[in-house]
Amino acid sequence: MINGSIIGTRRNADKWVRPADWWNPDEVYAAYVPPVGYRKQAVIYVYDMYSQQNFSSALPLSTLFKYSDGIEAGRVNHVWDKAFDAPTNEGYYMRYIIVCGPDNTRDLSINFGSGDAALLYIKVYDSDLTVVSAWGQTRLQAFEMDDLTTAKTTGINIQLGGNVEMGKAMLPLNMDYLTTSLFEGSSYTPEVRWPTLVKGMGNRVFYNCFSMLFDGLIVDDNFAVGSQAFFNCFQFNNNEICKKIVSLGSQSMTAVGQQDYDFSSLGDAVIENNITIGTSVRRMKFGINYKMPAVGLPFGNNQGLTEIELAPEWVPTRDIDFRTYYTKLSYSSIKSGIFDMVGTTNIPITWYFNATQRNQFTEADIQIMTDKGYIIA
C-alpha cells in the first residue's frame, strides 16, 4: 500500500469500464504539445507504487516522456512528485505518462517490458508502430489502440500476454491478423473489442486464456490457425470460426470447451495433435477437403466423441482404427456419418472397430462398405 492505495482489485468481473474519476486519456493526449521533432504515441496510467519510474531497458533511447507532475524528459529514472498524484474512489492514487517518439522515424516500437506492476492502463494512438508490447503487466486493467495505417494492418505485432488482471482489450478495428502470443497467458480478459475482420492468426495467440470469450470475433474464409492458438480456451464455443478454418497448427485446439465442431472447410491437418481437443468433444463434422495425417489418429485424441460426420464421397488415404480412441462412437453415427458418406476407394483400406461396435453392424452395412472397396475388421 502506497499513498493509501489498494492494488490489483478487478473493477467488474463481467465488463470493464473506465472509472469516472480517472483522467480522460483523450483529453490528456490532446492537451500536450510535444517538442519539435517528436510525435505523441501513447498515454499510460500508473499506480502510485514506486517513488521513481524507469523504462530505460524497455523503450528506445529516442523516447521522450511527459509526466503528470509536469516533468518532460528523455529516457531516465524519473522521481515522482507525489503532490501531483490523483486520488481515486478505489483508494489508490494514479499518475500518467505521455510517451513520444521521434517524428522522423515512422517505424518504432513501444515495449513496456514485463513485470512492471505499476502499469494500470494503456492507450496507443500512434498508427505506425511495428511492435506494441505490454507483457506480464500484473495489474494492467485495460488496453486500447486506435486504428492502424494500411501498411500496419497485418505488419504490426501486438503482445498483451501474461496480463492476468486485464479486464478489457480494445484492438484496432482494421487489424486483420492476430499476432503470435497476442493474449498468451492472459487468463482473465473476458472482454475484447475485436477487429472488423480477421484473416489469420499466429501461434499461441490465446494460449491458456481460460476465460476468454470469442463472441463477436469474425474471421475470413480460408482462415489459418497457428500452433497452440486456442490451447486451454475453456470458454471457446464458436462454430462460425470452426467452419472457416482451412488449416490448424499443432495442438491448436487442445482442451477447448466446445462440444460440437464443424470443420467443413478444414484441409490438411498435418499431424494428429492439430485437432486433439480432448474429452469435452461430442460431435465433429469434416468437409470434402479434409486430409488425414500420414500417421497417428485421423480425427484427434477425442475420447469423448460420440458422433462423427464425414463429407459425402470423402475417401480416406489409409487405414482407420476406431478401437482405442473412438470407442464411444454410436452405431447410428457410424452408419449415417461414415458408411453412408464415404466414397469408393481404389486402394485397400481397412476400418477397425471394437467388438461392441462390430456386433451392431448388419449384413447390409458390411455390404455397403465392401461395395465401396473397404474391409471391416
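# Notebook: strands, cores and rings

I began at strand β20, where K285 is the bridge partner of D262. The model is a predicted one.

**Entry 1: around β20.** Strand β19 (residues 260-263) joins β20 through four bridges, and the two run parallel. On to the next partner. Strand β21 (residues 307-309) pairs with β20 over three bridges, again in the parallel sense. Here R283 stands opposite E307 of β21. Then I asked which residues of β20 are covered and which are uncovered. M284 and F286 make up the covered face of strand β20 (residues 283-286), while R283 and K285 make up the uncovered one. I noted the general rule beside this: side chains in a regular strand alternate between the two faces of the sheet.

**Entry 2: helix α3.** I listed the buried residues of helix α3 (residues 331-339): S333, I334, G337, I338 and F339. Viewed down the axis of α3, these fall within an arc of 155°, so they line one face of the helix. What covers them? I found that the cover includes β21, β23 (349-352), α4 (355-358), α5 (363-371) and β24 (374-376). β21 is therefore a link back to the previous entry, as a partner of β20 and as part of the cover on the buried residues of α3.

**Entry 3: the open sheet.** I traced four strands that form an open sheet, in the order β14-β16-β17-β18, with parallel pairing. The edges are β14 (177-178) and β18 (245-248). Each has a single partner strand, so one side of each is left without a neighbour in the sheet. I checked one pairing in detail. Two bridges hold β14 and β16 in the parallel sense. Y177 has G200 of β16 as its bridge partner.

**Entry 4: strand β1.** I counted burial along strand β1 (residues 38-47): nine of its ten residues are buried. I then looked up its partners. Nine bridges pair β1 with strand β7 (residues 93-102) in the antiparallel sense. Y47 is opposite M94 in β7. β9 also runs antiparallel to β1, and five bridges join them. In that pairing I44 has I122 of β9 as its bridge partner.

**Entry 5: nonpolar cores.** I searched for cores next. The largest holds 87 residues, and F183, F206, F230 and W351 touch the most other members. A second, separate core has 19 residues, including A86, I98, L120 and Y125.

**Entry 6: aromatic pairs.** A search of the whole structure gave me 37 aromatic pairs. I opened two of them. W22 and Y121 are edge-to-face, at 5.7 Å centre to centre with 70° between the planes. W22 sits in the segment before α1 (25-31) and Y121 in strand β9 (residues 119-124), so this pair links distant parts of the chain, 99 residues apart. W22 is buried at 6% relative accessible area, and Y121 is buried at 0%.

The other pair, Y207 and F231, is stacked: 4.9 Å centre to centre, 20° between the planes. Y207 lies in the loop between β16 (198-201) and β17 (219-225), and F231 in the loop between β17 and α2 (239-242). The pair therefore ties together parts that are 24 residues apart in sequence. Y207 counts as buried at 16% relative accessibility, and F231 is buried at 14%.

**Entry 7: charges over rings.** I went back to Y207 and found R204 over its face, 3.9 Å from the ring centre. I also found the charged end of K40 over the ring of Y29, at 4.2 Å from its centre.

**Entry 8: positive phi.** I looked up two residues other than glycine with positive phi. S181 has a phi near 65°. Its place is the loop between β14 and β15 (191-193). E313 has a phi of about 75°, and its place is the loop between β21 and β22 (320-321). Is each one buried or exposed? S181 counts as buried at 10% relative accessibility, whereas E313 is exposed at 55% relative accessible area.

Notes. Residues numbered from 1 in each chain as written. Predicted model: local features only at pLDDT ≥ 70, side-chain atom pairs only at ≥ 80, totals over all residues. Heavy atoms only, no water. Core = buried A, V, L, I, M, F, W, Y, C linked by side-chain atoms within 4.5 Å. Buried < 20%, exposed > 50% of the residue type's maximum accessible area, 1.4 Å probe, protein only. Phe/Tyr/Trp six-rings, centres within 6.5 Å; stacked < 30°, edge-to-face > 60°. Lys NZ or Arg CZ within 6 Å of the ring centre and 35° of its normal. Pairing = 2+ DSSP bridges. Arc of directions from axis to C-beta. Contact = heavy atoms within 4.5 Å.
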